[in-house]
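Trainee: I'd like to go through a new model with you. Please put it on the screen and we'll start with the strands.

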Amino acid sequence: MGAEAPDPGDGSRLGSPGLSSAQRAPETGPDPSLVGSSVGGLVVALEANFCRVALEAAGPGGVDQLLCVRRTRLGKTGQQICVGDRVTVEGIDWTSRRGAVAAVSPRSSLLARPAVANCNRVVVVMALVQPDLDPIQLTRFLLTAEATGVQVDLVLTKADLLAPERLEEWGQRLATWGYEPWLVSAQTGAGIEPLRQHLAQPGIAVLCGPSGVGKSSLLNALVPDLVLRVGAVSGRLQRGRHTTRHVELFAIGAGGLLADTPGFNRPDVPPDPGALAGLFPEVRGRLGAGGCRFTNCLHQGDPGCAVGSDWPRYPHYLQCLDQVLAQEAAAKSRPAEPGLKQRGGRSEPRLDPRLRQLSRKRRRQGDGPQGDDSSPDRDGEEGEDRDLAPGTRG
């Protein structure tokens, strides 16, 4: 039994308006007022088995959002829908503001966690205090962001709770990492306006970080019309409580979109050991000045390595590298699960021998000339078939 669709109300949601004029594509499609027409739009939220699509062009009555299901053929081909996808909607009922996603446009990028498509910028949000900033955790988030290949920004919240000299220390430390952090406070408003102007550039910016660092409070400050629920940090564990349950896009400025995402405290390290060092900006700078003399170097302090070990995050790099190598070794030594076989680094189900059938070519060959069952070829094929058939040996 399918889930009941949430009530779309008037077709709009606070903070999730239809696309602005700067975000809309040229109106070259059919008239959306026609029954059975298709329109393009942007997926701004996923809600249970439904997605909310902001339309490129408003339909009859000014409808600028539709609550949509996914066409069955997309599910059969394994096509998933993510927030940020450009989609084509068909089967539109303008009165009830419903439709069905029929096609998903090719993506320019895709974040696996959180799942957001076509993002232009990843904004790593961390708190300076409550909970205290952990360099290892921050490094893991930055590596995950750098692996996407898009621009990475670093925002440090709760700056009002830290002494000015400590703020300066963190700024200098992160500068050696290759980052210029935005120091902000959602409570006092310090640093909010410059950050708002920066994120209002056209495109999709994804906020990611642990629970409790103040992502929802930051979003409330950046988009004053929002009233997102916020939570306090656990006093015993110094961990945040989840308040954001799903990914959703909110408009900021004329062309910018912000994706608020659920928090997670331990992101996965990118799995390729050979590409890990390139995710550190300080290493990219050293390699840009001159490539390493070893083509397969993992930059572990070997003599002649161009990267060396005299950079601040070298211990963090070694820790992450050890974890990646251990995971890689464990994956190679792990036996295939019963009923599965390894192919190209992935597992596939084995076909039960009892379900194997002869190919059509072999069946045609077994018919013999003009279907003569008594031909020598037929006898030979039958003997071979008996050898291949399950349950005939013994």
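Trainee: In which sense do β8 and β11 pair, and over how many bridges?
Mentor: Strand β8 (residues 121–127) pairs with β11 in the parallel sense, over 4 bridges. Two strands pair if DSSP finds at least two bridges between them. Strands are DSSP runs of E with at least two residues, helices are runs of H or I with at least four, and both are numbered from the N terminus.

Trainee: Before I go on, what should I know about the model itself?
Mentor: It is a predicted model, so local features need pLDDT of at least 70 and side-chain atom pairs count only at pLDDT 80 or more, while totals for chains, interfaces and linings use all residues. Residues are numbered from 1 along each chain as its sequence is written, and side-chain values use heavy atoms, with hydrogens and water left out.

Trainee: Good. Which residue in β11 is the bridge partner of Val122?
Mentor: The partner of Val122 is Val206. β11 also pairs with strand β13 (residues 256–260), again over 4 bridges in the parallel sense. There, Gly203 stands opposite Gly256.

Trainee: New topic: β3. Which strands is it joined to, and do they run parallel or antiparallel?
Mentor: On one side of the question, 4 bridges join β3 (residues 65–70) to β2 (residues 50–55), and those two run antiparallel. Ala54 has Gln65 in β3 as its bridge partner. Another 4 bridges join β3 to β5 (residues 98–104), which run parallel. In that pairing Leu67 stands opposite Arg98, and Cys68 stands opposite Gly99.

Trainee: And what joins β4 to β5?
Mentor: 5 bridges join β4 (residues 86–93) to β5, and the two run antiparallel. Glu90 stands opposite Ala100 there. The hairpin has 4 residues between the strands, and Arg97 takes a positive phi near 60° in it. As for cover, 5 of the 7 residues of β5 are buried.

Trainee: Where is Val63, and is it buried or exposed?
Mentor: Val63 is in the loop between β2 and β3. It counts as buried because its relative accessibility is 4%. Its C-alpha atom is separated by 7.5 Å from that of Trp94, and the two residues are 31 apart along the chain.

Trainee: Over to charges. How many salt bridges does the structure hold?
Mentor: It holds 11. A salt bridge here is a side-chain nitrogen of Lys or Arg within 4 Å of a carboxyl oxygen of Asp or Glu. One of them joins Glu47 and Arg52, at 3.2 Å from N to O, and both of those residues are buried.

Trainee: What about Arg284, which residue does it bridge to?
Mentor: Arg284 bridges to Glu146, with the closest N and O atoms 3.5 Å apart. That pair links distant parts of the chain, with Arg284 in helix α7 (residues 281–289) and Glu146 in helix α2 (residues 135–146), 138 residues apart. Arg284 counts as partly exposed because its relative accessibility is 37%, whereas Glu146, at 13%, is buried.

Trainee: How far apart are the closest N and O atoms of Asp310 and Arg286?
Mentor: They are 2.6 Å apart in a salt bridge. Asp310 is in the loop between α7 and α8, and Arg286 is in helix α7, 24 residues away. Asp310 counts as exposed at 60% relative accessibility, and Arg286 is partly exposed at 28%.

Conventions. Buried means under 20% relative accessible area, exposed over 50%, partly exposed in between (1.4 Å probe, protein chains only).
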